[in-house]
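Here is a short briefing on one protein chain. Keep the structure open while you read.

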Amino acid sequence: MLQVSALLGLGGNMCLQLVVQPEAKVLALKEEIAHRLHVPVLFQVLIFHTRVLGDDELLAAHHPGDGEILWVNILVSFHLARRCLEGGSESQKTEALKGLAQRGLVGDDRCTMAAAALEDRSKDVRETAVEVLGLVGGEAYGCAVAAVVARLGSPYDDVRLAAVQALREVARRGDTEAVAALVPRLEDASADVREAAVAAFGEIAEQGRGWAIARVRQCLQDHSMDVRWKALEALGELVSEKGDQGFVAEVISCLEMPNIYVRRWAVEVLGRVTEKGDRHAIAAVAAHMDHRDDDVRMAAGVALGKIAGKGDEFAVSRLNECLGHSDPGVRLAAIQARRALLR
């Protein structure tokens, strides 16, 4: 058996003592170091005296002999990983990116390298880069946000989308620079980018800010139903005050949207922005109970349960009016909504 001592850094601020098989190669030592110190093999350079050891070299070839210890220095280097990210295969790139998240690595290089991978042609590589930035961005926050924001203006839709997704993972609530960088993407030519941008906006913008709420309300008019759905979801995160009748009316109109997620979030947001028992809102929602579309009637019934209190006489009276409707679907929706209020 061979005794090996590995010093992390030229100053040897950490010493790892190991016993390895006589036939062990340098790569086996690197793998053990990766396991013990959480420094991936790709990021290790092992030095014996002044010589860099190759992965396939036998450790015995450099060992001083029985009873002696082979001393090597471990240098943490991003050079090979950077080369891999620039010219490696898709799987090599994703593995290199995952290595950046290991806790044995420190420094801004991790963020800049992961952010650069947002521009990769591979969707898998870009998605991995987003995940890694979410894991390491908090440790080098300013660097991470700046590196991601720099990609928001890319001429390529996929890169802008990845950058928006990464900013959502990295940026903290109330970061005004991150929010300002997102605003142009709310009008992006790509619906996918707009959808991701409004979702990120809802999580990063400061809650209760009138201008932020007003900006997201504009997205309720987007021609993409997915963007409208995300806008409602974002408003649910941002709105902190109740009773804005203009806004309530906008949300109620979303109950008629063909997208089930838009209707679902309209119901959710109504519960957050409407005062319990608001007769104007109850009347407006109840008016949708005789809508020709079953799903709209169902959404209106659920919404009434959100904005009307148990036993609310005004809401029950409006539902009673629907019990004699000629359409059995309307009658059924009214019965179900009424039952929920009277329980």
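Start with histidine 62, which sits in the loop between strand 4 (51-52) and strand 5 (69-76). The model is predicted.

**Histidine 62**

- Is histidine 62 buried or exposed? Histidine 62 counts as buried because its relative accessibility is 15%, and the cut-off for buried is under 20%.
- Histidine 62 touches Phe48, Arg51, Leu53, Glu57 and Leu70, with residues up to four places away in sequence not counted.

**Two histidines with positive phi**

- Histidine 38 is not a glycine, yet its phi is positive, at about 60 degrees.
- Histidine 38 is in the loop between helix 1 (26-37) and strand 3 (44-48).
- With 23% relative accessibility, histidine 38 counts as partly exposed.
- Histidine 49 also has a positive phi, near 60 degrees, and is a residue other than glycine.
- The loop between strand 3 and strand 4 holds histidine 49.
- How accessible is histidine 49? Its relative accessibility is 67%, so histidine 49 counts as exposed. The cut-off for exposed is over 50%.

**Domains**

- The domain assignment gives domain 1 (2-76), domain 2 (78-170), domain 3 (176-240) and domain 4 (260-342).
- What distance separates the centres of domain 1 and domain 4? Taken over C-alpha atoms, it is 71 Å.

**Helix 5**

- Helix 5 covers residues 123-136, which makes 14 residues.
- From first C-alpha to last, helix 5 reaches 20 Å, close to the 20 Å expected at 1.5 Å a residue.
- At the start of helix 5, a side-chain oxygen of serine 122 comes to within 3.3 Å of the backbone nitrogen of aspartate 124.
- Which residues of helix 5 are buried? They are Val125, Arg126, Thr128, Ala129, Val130, Val132, Leu133 and Val136.
- The cover over these buried residues of helix 5 includes helix 3 (90-100), helix 4 (109-116), helix 6 (141-149) and helix 7 (157-170).

- Arginine 215 is part of helix 10.
- Arginine 215 counts as buried because its relative accessibility is 11%.
- Val183, Leu186 and Glu187 are in contact with arginine 215, leaving aside its neighbours within four places in sequence.
- Aspartate 222 is in the loop between helix 10 (210-218) and helix 11 (225-238).
- Aspartate 222 also counts as buried, at 11% relative accessibility.
- The contacts of aspartate 222 are Arg194, Val227 and Arg228, again leaving aside neighbours within four places in sequence.

**Isoleucine 260**

- Isoleucine 260 belongs to helix 13 (residues 260-273).
- Its relative accessible area is 43%, so isoleucine 260 is partly exposed.
- Isoleucine 260 and tryptophan 229 are 31 residues apart in sequence. Their C-alpha atoms are 8.9 Å apart in space.

**Helix 17**

- Helix 17 (residues 328-342) has 15 residues. Its span from first C-alpha to last is 21 Å, close to the 21 Å expected at 1.5 Å a residue.
- At the start of helix 17, a side-chain oxygen of aspartate 327 reaches to within 2.7 Å of the backbone nitrogen of glycine 329.
- Val330, Ala333, Ala334, Ala337 and Leu341 are the buried residues of helix 17.
- Why do these residues lie on the same side of helix 17? They cover an arc of only 100 degrees around the axis, and therefore share that side.
- An α-helix has 3.6 residues a turn, so residues three or four places apart point the same way.
- The buried residues of helix 17 pack against helix 15 (294-307) and helix 16 (313-322).

**Cysteines**

- How many disulfides does the structure hold? The number is zero.
- Cysteine 15 counts as partly exposed because its relative accessibility is 40%.
- Cysteine 322 counts as buried, at 10% relative accessibility.

Key. Residues are numbered from 1 along each chain as its sequence is written. This is a predicted model: local features need pLDDT of at least 70, side-chain atom pairs count only at pLDDT 80 or more; totals for chains, interfaces and linings use all residues. Side-chain values use heavy atoms; hydrogens and water are left out. Helices (H or I, at least four residues) and strands (E, at least two) are DSSP runs, numbered from the N terminus. The expected span of a helix is 1.5 Å times one less than its number of residues. Buried means under 20% relative accessible area, exposed over 50%, partly exposed in between (1.4 Å probe, protein chains only). The arc is that of the directions from the helix axis to the C-beta atoms. Contact means heavy atoms within 4.5 Å. A polar contact is a pair of N or O atoms within 3.5 Å; within protein, one must be able to donate a hydrogen and the other to accept it, and residues adjacent in sequence count only if both atoms are side-chain atoms. Domain bounds come from an automatic or database domain assignment. A disulfide is a pair of cysteine sulfur atoms within 2.5 Å.
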